[in-house]
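Me: Here is a model I would like to go through by question and answer. Please keep to the domains, the ligand site and the backbone.

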Amino acid sequence: MTEAATRAHSDAIDDAVEQARERFAARRPLTAALHDRAQRFLPGGNTRSVLYHKPFPLRIARARDAILEDEDGHRYVDLLGEYSAGLYGHSDQVVLGAMVEALREGVSRGAHTGREVDLAEAVCARFASIERVRFTNSGTEANLMAVAAARAFTGKGSVLAFRGGYHGGLLNFTAGPSPVNAPYDVLLAEYNDAPAAMSLLHEHAGSVACVLVEPMLGSGGCIPRDYGFLAALRSATEEAGALLIFDEVMTSRTGAGGLQGRLRITPDVTTLGKYIGGGSSFGAFGGRADVMAQFDPARTGALPHAGTFNNNVASMAAGLVGLTQVYPPDVAERHTAAGDALREELCATFRAAGVPFQATGVGSLLAIHATAAPVRSRSDLASSEPRLLELLFLDLLERGYYIAPRGYMALSLVLTPADLAGFVRAVDEIMMTRAALWPTS
Ligand code: PMP
């Protein structure tokens, strides 16, 4: 393309995005009014950054099964699944029933309960690396505590993490280290580059307490690990006297025993969150008994781990029935296969349409990217044009499908084959309608 043609193409994308935003706003007067009001009390009308999008964010008034309804009465098939926490859909009767029953027995108890033992037993039975577990209120907290545990256990201070990694709002490396990250000394390596990580680890063996890694880069773009990458980290951490922490907050759903079960790699510590709380606030960190024993309060000099709501009644009750009744190992395997099939279908659709898009991910966790080039690390996404993903997001909303503005999806159990087929058709239509906007190479 000549420079003038490139500029004209870019202007055409800007115009299309602008028009799509105007169309979104025109059809949502009640949502717009709520956004205006929200801005008087919440900075930018927002209390969770990821939910913001232009011109103003969607507000969901109610949700049932896999259907969301916004404040203006528009309905959407939900393919975002609460950024993977909504695996059970919005109204699973087993989960809701267990929560209501538990809450009726008393909301806040200020004491241990039997249910936290049941959930801990179910979590330990499910994930091979977890001999002992502790609960938190979020995945962020789980990772902060896992890092703290590793630092105390090894007597070393720094953390090796990966560009594009996301371990919570205070451990966010999706666009380099976030300015609000916890002030740990963090070394960053390229995801899927085993030699680079191993040489960093070797060089800093005296100071690295742990390697913190997602077995698939989640928020960083659903980028699967290459064969051998995680196995190399497993042996290199052992040699360096550092702990290997798998952040499975997202990926624990992608197989009967989490992604670690599928890969047959056992980290020292695993962090969990999202759907395992059945839709309520949740996080957990667990692993080797000797590492976790540091938190045994009966021990002299035990590490403290506080949290008023760590064992809250709603999360414990919902989490237990979710893991044992709604998402037992065989369902996890089937759901993972269904997600793999959808991803392949999307890729086939893009290929057939001849457009430079692709879907990446593992099982029921997927992301659409506006590039056809291989995606192995976060830097490979530099050419994926965010404006095109925003356009896809807004066009899908108009057709009644909800994904994340960045192209991310987490499939719930209540999506029907018809929902998924309709979604693929909608994507295909958008690829055709907007054909002039897609890059030619
Ligand atoms: N780790 C991973 C891999 C995540 O995807 C997330 C949330 N997107 C977190 C940690 C943080 O979890 P939470 O939002 O519950 O703090």
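Reply: A polar contact here is a pair of N or O atoms within 3.5 Å; within protein, one atom must be able to donate a hydrogen and the other to accept it. The model is predicted.

Me: How many residue pairs are in polar contact between domain 1 and domain 2?
Reply: The domain assignment gives domain 1 as 3-79 + 333-437 and domain 2 as 93-326. Counting pairs with both residues at pLDDT 80 or more, the polar contacts between domain 1 and domain 2 come to 14 residue pairs.

Me: Which elements give two or more residues to the side of domain 1 that touches domain 2?
Reply: By class, that side of domain 1 has ten nonpolar, eight polar and six charged residues. The elements that give two or more residues to it are α11 (329-353), β13 (358-362), β14 (365-369) and β16 (408-410).

Me: What area do domain 1 and domain 2 bury between them?
Reply: The C-alpha centres of the two domains lie 28 Å apart. In contact are 24 residues of domain 1 and 25 residues of domain 2. Carbon and sulfur atoms carry 54% of the area buried between domain 1 and domain 2, which is about 1,800 Å².

Me: What is the N to O distance in the salt bridge of R262 and D340?
Reply: The rule finds two salt bridges across the interface of domain 1 and domain 2. With a cut-off of 4 Å between a side-chain nitrogen of Lys or Arg and a carboxyl oxygen of Asp or Glu, the side chains of R262 and D340 qualify at 3.6 Å.

Me: How many residues apart are D268 and R288?
Reply: The salt bridge count comes to 25, and one of the pairs is D268 with R288, whose closest N and O atoms are 3.0 Å apart. D268 is in the loop between α8 (258-263) and β11 (269-273), while R288 is in the loop between β12 (283-287) and α9 (289-292). The pair links distant parts of the chain, and the separation is 20 residues.

Me: Which residues come nearest to the ligand?
Reply: A backbone N or O atom of G139 lies 2.8 Å from a ligand oxygen atom, and a polar side-chain atom of D247 lies 2.7 Å from a ligand nitrogen atom. For Y166, a backbone N or O atom is 3.4 Å from a nitrogen atom of the ligand. Of the 13 residues around the ligand, the nearest are G139, T140, E214, D247 and K274.

Me: Where in the chain does R264 lie?
Reply: Most residues other than glycine have a negative phi. R264 has a positive phi, near 55 degrees. R264 lies in the loop between α8 and β11.

Me: Is the peptide bond from K54 to P55 cis or trans?
Reply: P55 is in the loop between α2 (29-38) and β1 (60-64). Omega of the bond from K54 to P55 is near 0 degrees, and the bond is cis.

Notes: Residues numbered from 1 in each chain as written. Predicted model: local features only at pLDDT ≥ 70, side-chain atom pairs only at ≥ 80, totals over all residues. Heavy atoms only, no water. Domains from an automatic or database assignment. Contact = heavy atoms within 4.5 Å. Buried area = accessible area lost by both parts, 1.4 Å probe. Helix = DSSP H or I, 4+ residues; strand = E, 2+ residues; numbered from the N terminus. Nonpolar A, V, L, I, M, F, W, Y, C, P; charged D, E, K, R; others polar. Near = heavy atom within 4 Å.
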